[in-house]
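Here are my notes on the structure you sent. They are set out as numbered points, to be read with the model open.

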Amino acid sequence: MNIIYMLIGVSILLALIFLAAFFWASKSGQHDDTYTPGLRILFDDEVKPGIEKSDEDHI
Amino acid sequence: MLQTKALQLDTICFHCGEALPATPLLNDDKKFCCAGCVGVYSILHEHNLTDYYAYNDVPGQTHKPKGLNFDYLNEPEIAAGLVDYQDDKITIITLYIPAIHCSSCIWLLETLHKINPAITESRVDFLKKQVYITFDNQELSLKHLVETLVNIGYEPLISLQDVVKSQQTQTTDRSLITKIAVAGFCFGNTMLLYFPEYFGLSSFEQDFKTFFGWLNLAFAFPVVFYSGRDYFTGAWLNLKNGVLNLDFPLALGIAVMFIRSIVEVATNSGPGWVDTLCGLIFFLLVGKWMQQRTYHHLSFERDYRSYFPVAVTILEDGLERPIPLDQLRKGHRILIRSNEIIPADAILLKGDAKVDFSFVTGESKPVQKVLGEIVYAGGRQLGAAIELEVVKAVSQSHLTKLWNNETFRIEKDTIMTFSATASKYFSIVLLAIAFGSGLYWMFHGDATKAIASFSAVLIIACPCALALASPFTLAAVLSIFDKNKFYLKNTAVIEQLARIDTFVFDKTGTISNPERAGFTFQGNITAEQAQLVSDLARNSGHPLSRELVKWLNLPQHYTVNNYREMVGRGLSGRIMQHEVKIGNAAFTGITLEKPIPGSTVHVVIDQQYLGYYLFTQQWRDGLKALTVSLRKGANLHLLSGDQDHDRMELMTIFTDGNQMQFKQSPQQKLDYIKALQEQGQKVLMFGDGLNDAGALKQSDLGIAVTDNINNFTPGCEAILDGASFSKVPAFIQQAKDAVKVIHMSFAISLIYNIVGLSFAVQGLLSPLMAAILMPASTATIISFTSITARLYARKNKLL
């Protein structure tokens, strides 16, 4: 059962890494604008002409 | 579907979507409404950026060339105040661009490097309508950058307030998020580590008990000393000032839980209360965060600085030179070009001044000024360039000296919210019970039980649910208001709104609808004659003519010969053998028995006087119903900066003539509100222009009414979209209901507290019970407040 000491240690370490990742994201301003990046990903490199746009494209 | 779309595109401008004029401009088989739109299109076309039009139909905004002058950006002193960062290679600047409104805007503004390679990076923050631009300052000047943006239809708004911008709010916001993250992290981990304890450990697993105990304690430290630090400092500060607020029992509960946990783990006498402790702080911080949410795209702190330019052009020895506004002195000769703002009270020396004071008064009709007349600061010159001599410094002007008033220097008193009042009594009762039960067991000779019950009372009564009742109710109401286009600065405004007993309205732009003015014709006119008037008036740029054409709404039919316009007096022309003359009484050659109040346009066709058009204000939809409903429980007042020719009509709405004041200066408006407050009334002010800024600030609750929330609004507590003006009674009812919901949730959380306390005073409270009661009460309160607030909103027809 002593393996539990190690397992708990590892799981907390893993959780701490995620917490650190969250701190880094927050500090680098990734939570400052939670709206624009969602739109940015929708832009293609080149929009093909002649493709009929659907209404979902509008915001 | 395809066909209707094609048809639509045929009658509207390809760039901005406005209706095409009779002879649209053509470029690339596409039709445009004006030279500005064609200009933008050709720039984009030239740089292969026509994808702009692929993401949205008509993404542009009408782009009438304004001939703006950005010479001042070349002055290093002025530019230095605007940029975020600058070295000898690159410059980083944040620009506010009100025109940002769709995904095409984001795409284009982030592809700026294709237009000018010197722009190395540009990123848009859509909600804040800001763009962060990094550019090579050897290749491109700031002035050029701004001009490039203007040329593609994205004119940045550069105002005096940019120079004094502060970014403090963001850092506090971030630190709260980190605190929540830490508390949440520890809460999750301790919950897991407590499970074995609650489910029971067999005898050979007792080793783990100590291990888990110490591990839990380790998690408690960052939560108490980092995440929960504010509760201790808050409680301490309040105690020093002799105030008992909710922070005190919270801090007490946290401290007791923490100390008892250490003692229990160290003496191996129990598992401690760390999971309850972490959960408590986590939920409290989430509640705090809910309360702090703000609207990034709205500003509630604006004053004249956010609207005045950064610089002004002065004339020295016949040479033009831009100087920063704070260096403008009395006696300077300034040059105001078309569409520029007059920054200080000045005498008109040269040129034809036609000034739009809509920012100041809400009145959209431009005012004509003659040479030698004083032009007050805050107006926008619409005609050609004019020269003026400054007679007062910027801060001493008729308008801006309002901000020197002491009202603007003191922070508005925060109202005593219900939770603040209740928590005072709560703390006292709590301490009484804790000491009472402790002493009771002491007298019965059971010292261990005395300490156990004393600390258990402080733990279980820790008013987590109480502290969350207000933020969650108010946040729910805030989002309901938001859906109805009523934007509040913060949640405290809702409780303030529920207590208002006096309403004060500004007239122009607030209760009158600037978009919808109307005319009535006194006399007889045929449809054919109205057509003649419309065709004649179409040629004039005079605001009254433009309003008249818009109101008559007739398509152009005839051409006008011999057109003549006497500025500010009238127009004449020959249309289809008819001699048509419209204008004021003197111009049309008629004599009036008595002057007609209001703006009139007299009509003479073929030397025959037909009558006159009378310009009438249109009130906002539902004004009458609104005043009837508000009057039931409150006083209504009207404060107008205008002449009183609408008095009779307004009498039917406001009924009491003594409560209608006309010709009020900004200072008088402020004083009027102050006088009402001195009579003990809680005053709500509806205003829209800078001239209401003082009254909005002085009042207990200032609401700015606007038809476009991205337009300028003076500093206030709330911004109301004009379209929702008729819903004001519903908003007030909803605010009152919100206070009711808070009362009810207080009652619910008290029931939880009483249940917990009945165990605690007997010294029977176990950590497991606390670990169940605390989250259960929190969950009940959160769901109860959000559901009930929405039910009330449905009743008030706000959802």
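1. A polar contact is a pair of N or O atoms within 3.5 Å. Within protein, one of the two must be able to donate a hydrogen and the other to accept it. With that in hand, note that this is a predicted model. Between chain A and chain B, three residue pairs are in polar contact, both residues of each pair being at pLDDT 80 or more.

2. Together the two chains bury about 3,000 Å², and 63% of that lies on carbon and sulfur atoms. Within the area that chain A buries against chain B, 20% is supplied by Y5(A), R40(A) and F43(A), more than any other three residues.

3. Which residue of chain B forms a salt bridge with R40(A)? The partner is E110(B), with the closest N and O atoms 2.6 Å apart. The count of salt bridges between chain A and chain B is one.

4. Over all chains, the whole structure has 18 salt bridges. One of these joins the side chains of K288(B) and D230(B), at 3.7 Å from N to O. K288(B) lies in helix 12 (residues 274-292) of chain B and D230(B) in helix 10 (residues 229-240) of chain B, so this pair ties together parts 58 residues apart in sequence.

5. Chain A also carries a nonpolar surface patch of about 530 Å². L13(A), L14(A), L16(A), I17(A) and F18(A) make up this patch. Of these, L14(A) has its place in helix 1 of chain A.

Terms used: Residues are numbered from 1 along each chain as its sequence is written. Chains are lettered from A and ligands numbered from 1 in the order in which they are written. This is a predicted model: local features need pLDDT of at least 70, side-chain atom pairs count only at pLDDT 80 or more; totals for chains, interfaces and linings use all residues. Side-chain values use heavy atoms; hydrogens and water are left out. Buried area is the accessible area (1.4 Å probe) that two parts lose on being put together, summed over both. A salt bridge is a side-chain nitrogen of Lys or Arg within 4 Å of a carboxyl oxygen of Asp or Glu. A polar contact is a pair of N or O atoms within 3.5 Å; within protein, one must be able to donate a hydrogen and the other to accept it, and residues adjacent in sequence count only if both atoms are side-chain atoms. Patches are made of residues with over 30% relative accessible area and no salt bridge: like charges are joined within 9 Å, nonpolar side chains (Val, Leu, Ile, Met, Phe, Trp, Tyr) within 5 Å. Accessible areas come from the Shrake-Rupley method with a 1.4 Å probe; for residues, only the protein chains shown count as cover. Helices (H or I, at least four residues) and strands (E, at least two) are DSSP runs, numbered from the N terminus.
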